[in-house]
Amino acid sequence: MPDREAIRSNAKYLRQVRPIDPEEISEYVEGGPHPAVVRQVLREEAFDLGLEEREDGTFVPIESGSIAPPRLPITEFPDRYARALEEQLEDAFGSDWHRGSSGESLREAIRELKEAYHQGWSVSYDDETAALAYAIYHLPDYYAAIQYVVAELAEVGLLDRKLRVLEVGAGTGGPALGIADAVPEDALLKLDAIEPSASADVLDGMLEATGSHVDATLHRTTAEAFDADALAGDGGGEGETEYDLVVFANVLSELDDPVATARRYADLVADDGAMVLLSPADRRTTGVLRGVERALADGTMPQGLGDVSDLPDPDDPGADDTATVFSPTVRLWPNRAPADEGWSFAVRPDLEVPAFQRQLDEPAGAGGEFVNVDVQYAYATLRWDGERRVAFTPDRGDWAPLAESGDHVSERIDCVAIKLSHDLSEDGHPLFRIGDGSQAVDHFAVLTKETTLNDSLATAAYGDLLTLESALVLWNDDEGAYNVVVDGETVVESVAAPIR
């Protein structure tokens, strides 16, 4: 066994002087380990040492600072990942995996997974066919969705070039691959992925296709059984294990106690780190996500997600672990919390149809049943350092909180809100969900007459801050919601996030 600590010590010294050459270090270490052995140790220790390997085989320190956001929009699932999945399909079923009995088995598995999901039943990925079917259907959209979310952190410099990420319930790897590609190749990513099911086998193969800047470790255990303390000090690190990002992607609704589990993992978030919650855009899973968000940020426990014993005791001075919602459902008003349904989700441009989805769909004449390139997702990014994507606090003398809409029915008000949907109308007036973090029931901005002074309502991006002046408040009894009517008298301005 090479003297790992001696190699590390020499690398720590040399990185301040010149590029690190494995051949040089081999001369300094007792026993003279072969340069190839030294190179392998340096690769394994690269994250902790902050080193990147150059084409000439030497190692140099990575630049300090933060990563740039990924280039958006995401238009396709990368070919190298598509090939990695197709290789697994061919290993399992042969080159004609999409035809005959294997193709039908995969299609039936997708149908069963979709049915179980939409019915709210427990979804199982405990066999190879189910795991591969899930990968065919969901790798592309999950790959894209996570990049839009992490881009919000990157665009304001909150993701370091040496990034440590923990993904809980990593599935077959869509979010992990998306994060790997969001981190540039001249930065470093240390990824711990937790996945107990047969999906871990698919995930393992997919991670092999990531770049050399990614150091990924797969933990084949449950979220409840994962022991982060056992990782403390791995690779020569010191102290407790902390992560810049802790990610729950498309898994919260499958946990027995999502609030308690998320709260436990919040303890692993670094002081300047974040927790990302991601789910499909449907009402049920979004409800679970918003419930977890509100439990961690507002100290409220929605029905069915646990009980108040899962929340910290507010009288305990050591229990100040309330999160701040970084995005998208920012609490604009201090000491206010939302109580509406919170069914808010982002809609991004569709991806190109990957070949493996088309191959499975066309032989069955399914007409797109097995094609899934819609990028629609609900999410919440939580932090514990007070950072918000929209760092704006309204003045009570200038703006009316949406919590007080009941006092202003049939009146015009000035208000501020976050745009929280695409156009929800069906051949009627454009309709958008809005929220300021104080609303007790749903609020929708209805554009009844578009003018040059209010067209920002329609053109603003999801998550942007809107100011609405002279908007008419009406109660919609059919929907049990407030309509904030934007007409010819209303002025709307969009202040594109981030505002800092």
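## Aromatic groups, a parallel sheet and a buried serine

Phe77, Tyr81, Tyr143 and Phe356 form one aromatic cluster. This is a predicted model, so local features need pLDDT of at least 70, side-chain atom pairs count only at pLDDT 80 or more, and totals for chains, interfaces and linings use all residues. Residues are numbered from 1 along each chain as its sequence is written, and side-chain values use heavy atoms, with hydrogens and water left out.

**Aromatic pairs.** The whole structure holds twelve aromatic pairs. Rings of Phe, Tyr and Trp (its six-membered ring) pair if their centres lie within 6.5 Å; planes under 30 degrees apart are stacked, over 60 edge-to-face, and the rest tilted. Two of the pairs are tabulated here.

| Pair | Centre to centre | Angle between planes | Class |
|---|---|---|---|
| Phe77 and Tyr143 | 5.5 Å | 90 degrees | edge-to-face |
| Tyr134 and Tyr142 | 6.2 Å | 55 degrees | tilted |

Phe77 and Tyr143 link distant parts of the chain, 66 residues apart. Phe77 lies in the loop between strand S2 (59-61) and helix H4 (79-93), and Tyr143 in helix H6 (residues 128-154). Helices (H or I, at least four residues) and strands (E, at least two) are DSSP runs, numbered from the N terminus. Both Phe77 and Tyr143 are buried. Buried means under 20% relative accessible area, exposed over 50%, and partly exposed in between (1.4 Å probe, protein chains only). Tyr134 is buried at 12%, and Tyr142 at 10%.

**Charges over rings.** The charged end of Lys162 sits over the ring of Phe47, 5.2 Å from its centre. Arg284 sits likewise over the ring of Tyr117, at 5.5 Å. The test requires NZ of Lys or CZ of Arg within 6 Å of the ring centre and within 35 degrees of the ring normal.

**Strand S3.** S3 (residues 162-168) has six of its seven residues buried. S3 pairs in the parallel sense with S4 (residues 188-194) over seven bridges. Pairing takes at least two DSSP bridges between the strands. Arg164 has Lys190 as its bridge partner in S4. S3 also pairs in the parallel sense with S6 (residues 243-249), over four bridges. There, Val168 is partnered by Phe248.

**Ser344.** Ser344 is in the loop between strand S8 (324-327) and strand S9 (346-348). The residue is buried, with a relative accessible area of 1%. The Ser344 side chain reaches the backbone oxygen of Leu420 at 3.0 Å.

Terms used
A polar contact is a pair of N or O atoms within 3.5 Å; within protein, one must be able to donate a hydrogen and the other to accept it, and residues adjacent in sequence count only if both atoms are side-chain atoms.
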